[in-house]
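Open the model in your viewer and keep the sequence beside it. The tour goes from one selection to the next.

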Amino acid sequence: MSSKENSQPHVLVADDQRDVLEALRLLLKGEGFLVETVASPAGILAALDKYDFDLVLMDLNYTRDTTSGREGLDLLPRLRELDSTLPVIVMTAWSTIDGAVEAMRQGARDYVEKPWDNARLLATLSTQFELGRALRRSQRLELENQMLRRDGLPALIAESRVMQPVLELMKRVAPSDANVLVTGEHGTGKEVAARWIHAASDRADGTLVTVDVGAISDGVFESELFGHVKGSFTDARADRVGYFELADTGTLFLDEIANIPTKQQAKFLRVLETGELQRVGSSRTQHVDVRVLSATNVDLHQVVGKGEFREDLLYRLNTVEIRLPPLRDRREDIPLLGAHFLQIHAQKYRREIEGFDRSAMQAMLSHGWPGNVRELQHVVERAVLMAPGSKIRSEDLGLQARRESGPQLEEMSLEDAERTLIQSALARHDGNVSRAAESLGLSRSALYRRLNRYGI
Ligand SMILES: Nc1ncnc2c1ncn2[C@@H]1O[C@H](COP(=O)(O)OP(=O)(O)OP(=O)(O)O)[C@@H](O)[C@H]1O
Ligand SMILES: [Mg+2]
């Protein structure tokens, strides 16, 4: 840390000869420096511990060993470690000029020969002071940039053991331009992962365009993704830029990628392969520089097996595949995620809630979380609103109650009843889809279809 910019330069002078210290003090004070003096290497460390300095001017030779300059030299790496931006200038008798060279190698910025020439000494000090200040300013900016970059990353809580290889992989692929397919059950954080990868990539300054492929109807798919020119079809009253073009030099995140219409897949693949596209109704070829991230909660390999998804397209998309484990397989993250959502929602609803009591934590740890992190988030949000006290209790979470009370089946529509039965089967079987399917008398894939339909 330095003293404030524009204030007097604060200099630490170290020498074991009193008369030298006094002479330097007088000289430097007269030139507007704020001067501190010490008589030993230990004194330097102690002073640095107490005050902020802009400069250190130190002799290399101390009484313990007056000729080699070792004592002063040995201190230099320590000083560099403490603060690499602090300029250190060494003083040395002309006969030990080798010592000065060695000192520069150890991190001293400059050296002054003894006996010194006042004008030269002052010039050296003021140059080093300016350089040190510039260096510190640039380091501070760099640090601020780093913080900004870090702040730009979406919150991604993943402390559990199972998540470590996942995080490692994300960190490794983020800066590359590799296409990444993120898979995982509903609510496991696929979109968060995609945003994280974009924010940690070299394209972070570019746009992240998110497209829910499942929400685009077949008829407009091509024009939404690749754009169209005016008049190319009845509704095309003006030119339209497609998502691919919007994401140029950035990232395109294709969510629910399994829903891409079969007949669009060939064109889609071609664009991915060549980076070239034509807007609907135009013959002009445009080049786009887009990194593609995609996500799905279905097993694409299975869909390929059924002939509903081109295998070559899958291999284009999943250069790297990141599988997000369900929450029940990473229960260690539950307390952290719980605290994270609690903080967010307590702030949002201006409620002073400190945390979860033991019963609540127990309930959260043993719940099956079929809806994964999203379900946890909703449960905590509701509890923050409902809890009468300053701690959330298990009854505020409503995890058990939900199964027993709530609307009766006969009061529900057929769809709601089906959804409720599926949710309770999943909860009973800790989110294990195969066992839940068995207990409902459904095949696994029939249950998956329903999970998809109900957004469970
Ligand atoms: N690791 C995490 N840390 C913090 N928040 C998370 C994490 N994972 C998920 N969330 C939060 O949980 C919610 C669901 O996450 P997200 O939308 O990314 O899931 P998803 O896998 O895309 O779900 P779906 O398949 O239903 O689209 C979001 O609000 C997200 O912010
Ligand atoms: Mg999603």
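Contact here means that heavy atoms lie within 4.5 Å. The model is a predicted one.

**Stop 1: Val 11.** Select strand E1, residues 10–14, and pick out Val 11 in it. Is Val 11 buried or exposed? Val 11 counts as buried because its relative accessibility is 0%, and the cut-off for buried is under 20%. Now show what surrounds Val 11. Leaving aside neighbours within four places in sequence, Val 11 is in contact with Leu 28, Phe 33, Leu 34, Val 35, Glu 36, Phe 53, Leu 55 and Leu 57.

**Stop 2: the largest pocket.** The largest pocket has a volume of about 1,000 Å³. Of its 38 lining residues, select the closest to its centre: Asn 297, Val 298, Asp 299, Leu 300 and Tyr 448. Next, colour helix H20 (444–454), one of the elements that each supply at least two residues of the lining. H20 gives the largest share, 6 residues. By class, the lining has 16 nonpolar, 13 polar and 9 charged residues.

**Stop 3: Asn 297.** Select Asn 297, in the loop between strand E11 (291–296) and H11. Asn 297 has a relative accessible area of 15%, so it is buried. Which side chain makes a polar contact with the side chain of Asn 297? That of His 186 does, at 2.9 Å. Not counting residues up to four places away in sequence, Asn 297 also touches others, including Gly 184, Lys 190, Glu 256 and Asn 452.

Terms used. Residues are numbered from 1 along each chain as its sequence is written. Chains are lettered from A and ligands numbered from 1 in the order in which they are written. This is a predicted model: local features need pLDDT of at least 70, side-chain atom pairs count only at pLDDT 80 or more; totals for chains, interfaces and linings use all residues. Side-chain values use heavy atoms; hydrogens and water are left out. On a 1 Å grid over the protein atoms alone, a cavity is a set of points where a 1.4 Å probe fits but cannot get out, and a pocket is an open set with protein on both sides within 12 Å along at least five of seven lines; lining residues have an atom within 4 Å of a point. Grid points are joined across faces, edges and corners, and a volume is the space filled by probe spheres set on the points. Helices (H or I, at least four residues) and strands (E, at least two) are DSSP runs, numbered from the N terminus. Ala, Val, Leu, Ile, Met, Phe, Trp, Tyr, Cys and Pro count as nonpolar, Asp, Glu, Lys and Arg as charged, and the others, Gly among them, as polar. Buried means under 20% relative accessible area, exposed over 50%, partly exposed in between (1.4 Å probe, protein chains only). A polar contact is a pair of N or O atoms within 3.5 Å; within protein, one must be able to donate a hydrogen and the other to accept it, and residues adjacent in sequence count only if both atoms are side-chain atoms.
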